[in-house]
Amino acid sequence: MSLANSDLFSLGLDDHDRLNKELGGGIPPGSIILVEGDYGAGKSAMSQRFTYGLCEEGHDVTYLSTELTVGSFLDQMHSLSYDMVDHLLDENVLFLHADIGDSNTFSGGDEQKERKELLKRLMEAEVMWDADVVVIDTFDAILRNDPKFEALVRQNDERQAALEIISFFRDIISQGRCVMLTVDPSTLDEEAIGPFRAIADVFIELEMIEVGNDVRRQINVLRFAGMGEQVGDTVGFSVRSGTGIVIESRSVA
């Protein structure tokens with residue numbers, strides 16, 4: 001059953017691009033959004049576009065980055081014409097940098113013991129979960145650098161490793177909040193990523209396609225529960241400096 005547009009978290013910027021329209025008018029409250037794509041597919045740009053549009057529409061967002069500091073986040077957003085300074089000062093967005101440590105540290109001893117239990121710390125960071133939408137970019141980096149998750153993966157028990165964080169996500173979305181995860185599927189085994197694909201209410205794949213000498217990007221909407229209006233199955237887009245996300249084309253099955 002479709003939701004009325006007023007029940008959705010609008011992605012805004014209707015005069016800037018057509019992304020909100022292509023995705024049916026916004027994202028349903030109480031949903032998990034999984035955005036997959038290889039390196040360079042546009043995961044960060046898409047999560048930043050979501051964040052800016054949501055803030056412009058009056059929603060509170062927490063943005064957790066495993067790569068950017070607050071300075072580089074603001075610089076990157078500005079380069080895409082998504083000026084976040086006022087939203088940051090007005091506390092519409094809470095930016096957090098995830099210090100995931102060095103994934104290549106396997107020397108044992110004190111260094112190994114000091115590796116952070118990232119998923120545990122993530123779930124215990126209560127303030128970050130108060131927002132309407134929580135964006136984690138990139139989630140696979142947290143999984144790969146969490147020693148408990150890594151140990152279970154080594155025991156071929158990836159599904160058990162995912163169970164605790166998935167249960168936590170379900171508790172968060174039961175309060176009407178949204179959780180958006182970006183993942184590079186090439187960095188995780190199928191058994192590790194499968195449970196997150198299974199529970200995602202909105203499952204989007206970002207794909208790069210070579211056409212002659214050009215590389216084109218497209219959004220493949222693999223699942224969209226609780227959509228508002230018709231959602232495009234495949235939406236072409238580009239990422240342009242000074243403009244941000246630009247919708248190039250649309251085809252609907």
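**Reading burial, rings and cores**

User: Does Phe168 count as buried or exposed, and at what relative accessibility?

Analyst: Phe168 counts as buried because its relative accessibility is 15%. Buried means under 20% relative accessible area, exposed over 50%, partly exposed in between (1.4 Å probe, protein chains only). This is a predicted model: local features need pLDDT of at least 70, side-chain atom pairs count only at pLDDT 80 or more, while totals for chains, interfaces and linings use all residues. Residues are numbered from 1 along each chain as its sequence is written, and side-chain values use heavy atoms, without hydrogens and water.

User: How is a pair of aromatic rings described?

Analyst: By the distance of the centres and the angle of the planes. Rings of Phe, Tyr and Trp (its six-membered ring) pair if their centres lie within 6.5 Å; planes under 30 degrees apart are stacked, over 60 edge-to-face, the rest tilted. The structure holds nine aromatic pairs. Take Trp129 and Phe168: centres 5.0 Å apart, planes at 75°, so edge-to-face.

User: Where do Trp129 and Phe168 lie in the chain?

Analyst: They are 39 residues apart, and the pair links distant parts of the chain. Trp129 is in the loop between α6 (118–124) and β4 (133–137); Phe168 is in helix α9 (residues 158–173). Helices (H or I, at least four residues) and strands (E, at least two) are DSSP runs, numbered from the N terminus. Trp129 and Phe168 are both buried. Phe168 also pairs with Phe169: centres 6.3 Å apart, planes at 50°, so tilted. Phe169 is buried at 0%. Trp129, Phe139, Phe168, Phe169 and Phe196 form one aromatic cluster.

User: Which residues touch the most other members of the largest nonpolar core?

Analyst: A nonpolar core is a set of buried Ala, Val, Leu, Ile, Met, Phe, Trp, Tyr and Cys residues joined through side-chain atoms within 4.5 Å. This core has 39 residues, and Met46, Phe50, Val133, Leu206 and Ile219 touch the most other members. Helix α2 (residues 43–56) gives the largest share, six residues. Another core, of 37 residues, lies apart from it and includes Phe139 and Ile172.

User: Which residues does Phe50 contact beyond four places in sequence?

Analyst: Contact means heavy atoms within 4.5 Å. Phe50 contacts Leu11, Leu19, Leu23, Ile27 and Met180, leaving aside neighbours within four places in sequence.

User: What about Gln48: buried or exposed?

Analyst: Gln48 lies in helix α2. Gln48 is buried, at 0%. Its contacts, again leaving aside neighbours within four places in sequence, include Tyr63, Phe73 and Tyr82.
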